Amino acid sequence: MKHIEKNIKRELTNTELQILAAEWSEHCSYKSSKKHLKMLPTTGPNVIVETGYDSGVLDVGDGYVVTVHIESHNHPSAVEPFGGAATGVGGVIRDILSAGTRPIALFDGLRFGNIENDVHAKWLFKNAVSGIADYGNCLGIPTIGGEVEFDVCYKNYALVDVAAVGFGKKSKLIKNHANVDDLVLLIGGSTGRDGVGGSQFASDALESEDRSAVQIPDPFIEKLIIEAILECRDENCINAMKDLGGGGLSCAISETAESLGIGIELDVKNVHLRESDLSPDEIMISESQERMLVISDQKNLSKIKQICDKFRIQCSVIGKVKKDKMMHVKNDDETLALLPADFVARGPLIDREKSKPEYLSKLLSSPTYEKQIPLSDILLKLLSSPNIASKHWVFRQYDHEVGIRTVIKPGFDASVLRLDNGKSLSVKIDGNPKHCYIDPRQGAIGCFEEACRNVVCTGATPIGMVDHLQFGNPEDPEIFWTFMESIEGITDFAKFLNIPCVGGKVSFYNETSDGPIKPTPLIGVLGLIEKSPLLPVPPSNDDVILLVGETKDELGGSEYYEYIHNFVGGVAPKVDFSESKKNMKSVLSLISKNLVKSVHDCSKGGLAIGISELCIFGKIGCDVNLSSSLSLEKILFSESHSRYILVVEKNNLDALKSILSHDACSFSELGIFSGDQIIFETDSNQILKLRVDKAENNYLNSLGKIIQNG
Amino acid sequence: MKVGVIVFPGSNCDRDMYHVLSDVFNLKTDFFWHEKSLPKDIDAIVLPGGFSYGDRLRAGVIAAHSPIISDVKKLAEKGIPILGVCNGFQILVESGLLPGVLLKNESLNFMCEWTNLIVNNNTTPFTNKLQINQKIPIPIANGEGRYFVDEESLKQLKKNNQIVFSYDEKVNGSISQIAGVCNSDGNVVGMMPHPERAAEAEINQIDHKPSSLIFESLIETVGMKN
């Protein structure tokens, strides 16, 4: 309040208070995180920086650009999973559209409680998937990848993260600008009472199920808006554009005015409404979906109206551009709010205390178990763990083919899209709250490295990343410490690899009735492939299995510890920066020299799962010989980073090994694919034997079975 | 040769279809917005997939009342080849140009999967270069793709050779595993799977040639390119 008194020197009107409450919420103002986000590297050879973009822009050559953005819709999805997840998709798509690019792909990261014993978690999961499918499918934007994870820390809660990728011509990017007397238009859906106060709702612990704060999705209108806006773009009718998201008009108007250095005067009377009795304050903070703010001029107005008429969507002139840098809200002749735009848009920032959480010192280093479970049984159980089992049940509900760009389909490491200039784009998002809980810094770096590894497996060089940092209440110093550890770790690794951060989001107050969620940073990496991608070809008889990278004593946070032994603790995997870089570079050179048949990332579930996945894909067994100073459980299930499983044809083996040796990469030849059993041996003793068809059945069907039973 | 791709509000495979017709098979292709009329000299029409009118009420039912449909009906009577894919098939059914209905899939979910089609009729303008019983690897992507007709109509369809494609395996509960049908004259064909998603090697790593033959059949029927 002092900040307001100092700057405004008068009492605020009710409307002004509502506007500031929305805009200065954690959700919109990033008041806890903004200072710290500045440490991330944001420039690079491919990065294009423009004023007022909601998405990152990367130059992919030949006059084309790729845009990317990531958002979450956690609070709404935890209350109303179908609508919450669907509107999450809608919001991020409009951010892509704002830059003047066509959305071409969606990715989603979904996290829920334990679906094996929690019916509510199952309900949230099923409906969030349906919501995403319903929205994305209707728009004709393929959902081509993502991840699903279950952990008891998300009990009665949901994390729904959506990343979108856009594509377009560099020459058609919207160069946000405005001149005095330009018109401010609101295009698309009508404004209603849904989503009123949504940003404040999202900036608080979820205590009540405030359903009116959840927005209602309408993918059909969104589709019409996409086509109408792109037509307006082609006709050069748009000077500047912004999506209406969190904070509704308040946020869009103040941020547009602030970023363009202009004033905007708007009349709430001109906003087209869904309900006639909406008060001006509600109009200003409603988060009704499918709306775009467009700045144009008198000359182009009729063209825009004509295009909107063609698509039967509404277009209202709600205000005009002024010189005074003020945000002026009127209701006819009455002034409801008159505040400097930068004062509204730049909420006061807060310095948060941090302290290392006590729980970290209480974690045990290893579990104690009474009797040994046969390794074959463990492998079979891990293959059916909802976190490892195939997510086919999920992605079959998403149209992942529409747009006819999807070269590598969902279900493999990274998904790959073909671009119009003959290049391909490889994209992956990764999170790992189990690792991050045990070691927030290394866990976050690990998510980043895993996403990089996945795009490398397709032959792509990482060119940019987006991050989404999700934590509990930042007012708790222990939680804030975990946030700082994550962002510092991500920054260090991004700088080391020269991968710019081109977008991101912070989501705090992710609290459940049992306390905060585990730290859940999510990293999306985009990679560019100049020629053809390395396709996932199934392994065949006599192909050699080779592991690049070192398996270490790092079982902490592994699926093995948590799912098999119900143990949280131990040492989480650490990324050795130089090893990471070296392995990435070497694997990419092997791919470019056509020396590998396919490359698979080694991550969740460890080496045993990585090799089993390849066997299931090729419907073929394997004969693997392990020799290491580590214990068997560590070799098989440790989730150490920087590892790649290579499938190599015998005649390429010598050439491949000499390159790896030359690059000083650590590697080991593990065995061959053959027969119909997954066999692991050590010193000629068989330690694990499992029929591939049995493994396949567990891997492919367990998630669907869990959903169907109940 | 001139092909028209009809665009309804909510069509979303229109650009994909255009790309395949125009860039892959070099056909002169134009978009036609649903409120426009169709030129009389057009050689073929494609109704692409998508969610016309957001699938409200029932998939395809609102688009079936679009102004352009009366032109489509006239051209259908004249024997012009007309192909409806996915939502386009649903629209042709709803407008009465093709028999049957498309119901919700047996799984009650949207399904996006690759499957194999079997060619049952190779005398239509879109299948004349295919062999009877030839397999076509192709993706489906729909929520309401379960074809249904009553027993009597099914007998008629079989008798008149109107079943053009069927699924090689049980996919969504379609009666007789029907995936595509034609009108009694054979010039109007509707199919749920997406040939435009399977006619290029880059995106169809199984075998893109059979789907290509659907487009090459059209070229064969109508004659010269361009």
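Chain B and chain A meet in a contact that draws 23 residues from chain B and 24 residues from chain A. The model is predicted. Three elements of chain B each give at least two residues to the side that touches chain A: helix H1 (14–24), strand S6 (111–119) and strand S7 (135–142). S6(B) supplies the largest share, three residues. By class, this side of chain B holds ten nonpolar, eight polar and five charged residues.

Now turn to chain A as a whole. Chain A has 25 helices and 28 strands. Its C-alpha atoms fill a box of roughly 90 × 50 × 45 Å along the principal axes. How does that fit a compact globule? For 710 residues, such a globule would have a radius of gyration near 27 Å; chain A has 26 Å, so the two agree. Burial can be read over the whole chain too: 63% of the 710 residues of chain A count as buried. The contacts span the sequence. Among those in chain A between residues at least 6 apart in sequence, 84% join residues at least 24 apart.

One helix of chain A can be followed in detail. Helix H18 of chain A covers residues 440–457. Is H18(A) enclosed or open? Of its 18 residues, 18 are buried, so the helix is largely enclosed by the rest of the structure. A residue counts as buried here if 20 or more other C-beta atoms lie within 10 Å of its own. After H18(A) comes Gly459(A), with a positive phi near 90°.

How values were computed
Residues are numbered from 1 along each chain as its sequence is written. Chains are lettered from A and ligands numbered from 1 in the order in which they are written. This is a predicted model: local features need pLDDT of at least 70, side-chain atom pairs count only at pLDDT 80 or more; totals for chains, interfaces and linings use all residues. Two residues are in contact if their C-beta atoms, placed from the backbone, lie within 7 Å. Helices (H or I, at least four residues) and strands (E, at least two) are DSSP runs, numbered from the N terminus. Ala, Val, Leu, Ile, Met, Phe, Trp, Tyr, Cys and Pro count as nonpolar, Asp, Glu, Lys and Arg as charged, and the others, Gly among them, as polar. The expected span of a helix is 1.5 Å times one less than its number of residues. A residue is buried if 20 or more other C-beta atoms lie within 10 Å of its own, exposed if 12 or fewer, and partly exposed in between; C-beta atoms are placed from the backbone. The radius of gyration is taken over C-alpha atoms; the globule rule is 2.2 Å times the number of residues to the power 0.38.
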